[in-house]
Amino acid sequence: MEEEIRCFVCKEFYREPVLLPCGHALCRVCAVNLQTPVHETDSTATSNDYQEADKASVSSETDSGVVCGSRPNSYAGTPAVPAYSTAAFTITCPSCSKLMYLDDNGAEGLPPFRVMRTIVERFGGVSGSPPAEEACQMCEGERRAAVVRCEQCSVRYCAGCRDAWHPIRGPLAQHELRALGTTCTDHGSPPVLYCNTCLVPICQRCLTERHSTHETQALSIASRAHKTELSQSLQHLSEQAKAMTEYIQLVKGSGDKINESCEELEKQIDQACTEVTRAIDRRRDELIRAARNTRMQAITNMRSLTSHAAQKLREATALLHFSIEALKESDHAAFLQVGNILSVRAQETASSLCSSLDSPPTAPALTLDIEPVIRTVRSMNFIECIPPGAPEMAVEACAARGCSCTLAWRAPAAPASVRGYVLELDDGLGGPFREVYCGRETVCTIDGLHYASLYSARVKAFNGAGEGPYSEVIGLQTSPVAWFSWDARCADAEGGVTLSADGLSASAGGWQPRVALADQPLARGLHYWRLRIDRYDGDADPAFGVARADVARDKMLGSDALGWAMYIDGSRSWFVHGGAHGGRAGGGIARGAAVGVLLDLTRGTLRFTVDDRPQGDIAFTGLRGAFYPAVSLNRGVAVTLQTGLAPPPDLLMSQLSIE
């Protein structure tokens, strides 16, 4: 509470606190020091702000829980009030930074904040001298606050002076002593009522002059109501403060856990680095042994080569010495007996002596490759050791519209981190789930779903430690009926199909039939749509039905194996598929008629209507897969597409009776 009873400016306990129009308090001296004179050139610029500032001040006083007698004398109100026609001073609240305008009295005219002064004296231990208008008029020496005022003597008395000058017995005991408190600044009378319209206490004269049409109530009742409201607000504030205290304790407790976790992590780092160091030491010893073995092998090889070369040298030297001694032979016949042989041996030995030698050994050209180890060491980092929890589906944000759905979810609770999410969707028939999204976003829109299907979706989170559990499974129902328009890619201005801006109306300009397909296929459910005949020439050949995506676009619908249609003129119709006609039925079309198409993909059937009445029997059966609503038109025919319709009940009943 100490923050509330210390001045925002001097940071000391309030001394002679005054109430600002915004509802905050200041020491009277601090308020005087903060006020700024308003120059004459500024007075006109600020006059337009009086009304809004006046409203703000009344609201702020009420919101603060402090009730003052009336609008403060020093507050410059609207220009309509003569007493406050100009502003002499401005003051900016140091707490809320609101700019307020004061009259000629300035901050000296601000009302005393009695509640604040009482609380400061009670808890702050500071008892300052009251202002002159609130001081006892009979005290000598230190000035004390007056508690009563004698109506007959017109003198204010403190508790001690009251007992001394107006004892309970004697001639002065009959005087009326009125307790001092908040008074009306306009009339000087104590308030007796509270105006619920203006939210200020008023005296009896205020009620007669300005508040006669306002809703008022007794001051004590209003005070109790405001105290009750404040008590309820304080109860809520107390609950929030309790929750904040629990949060602080939780944070402090998490700090201890964090310290323990970090200490454990430091131990793990030390152990891991020690293990890495040991592995490096072991590998160092292995490489040193390998280098020494290489040296020993090279030395052994060198000794072998040296021994072999020395043996060859000894043999050559022996032959050399023997031949020299043979040259000393004086018997010519004896020398000629071996001279030729020794000459051949010397030549052979000379030619083979160096050629038989291997190359001398060289130092091993090896170096230690440590780059992979350096990269590995540098890439050492922390990874998540706990997989994330299950995300929570944000059901209120999930929706299915037409043949698309939007899914949203919330991140799992801490402490595990999340690197991304995997969203899975089934096939709409209770089949296996398949992945449809992987990323960091928590919302995903999926298009191209089947109509009249109930899809199930689930999501899971993952991080470096692995994948977490799935969320709860949520179901999404797509639209039971299809809404579509003609595909804009079918439009061809050169005698082909022409489409309207909304993609619902279609016409053709040439005699050659042109096919128009819908902008989305149908693969599941029961669908019914109609094509209103806006223009019809008796020579035209329109055909209505369904087709695969790659149907021939320059032939009548049904001319190839990829179209199923009903050809109709002014008096009869045929069912056409793969160029074959059948199922002739009487009755044709005219301008204003409506051709309906009923595609039942549950039973695999296709039927037609004219003005919602069956046109022949079931046209085709065994339809499986995805089909596009289609029409083929030529010159003289214009149609408008009507989708999202419920099938005629008679048509459904007739279909059931046929089955």
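Modeller: Two strands count as paired if DSSP finds at least two bridges between them. Strands here are DSSP runs of E with at least two residues, helices are runs of H or I with at least four, and both are numbered from the N terminus. This is a predicted model, in which local features need pLDDT of at least 70, side-chain atom pairs count only at pLDDT 80 or more, and totals for chains, interfaces and linings use all residues. Residues are numbered from 1 along each chain as its sequence is written, and side-chain values use heavy atoms, with hydrogens and water left out.

Strand E20 (residues 474–477) pairs with strand E18 (residues 454–463) in the antiparallel sense, over four bridges. Opposite Gln477 of E20 stands Leu454. Side chains alternate along E20: Ile474 and Leu476 point to one face and are buried (under 20% relative accessible area with a 1.4 Å probe, protein chains only; exposed is over 50%, partly exposed in between).

Seven strands form an open sheet with antiparallel pairing, in the order E21-E22-E33-E24-E29-E30-E31. Its edge strands, E21 (497–499) and E31 (613–614), each pair on one side only. Within the sheet, E24 (residues 526–536) and E33 (residues 637–645) are joined by seven bridges, and Tyr536 has Val637 in E33 as its bridge partner.

As for confidence, pLDDT (the predictor's score for each residue, from 0 to 100) averages 83 over the chain, with 89% of the residues at 70 or above. Strand E25 (residues 543–547) has the highest mean, 97, and helix H3 (residues 50–63) the lowest, 39.
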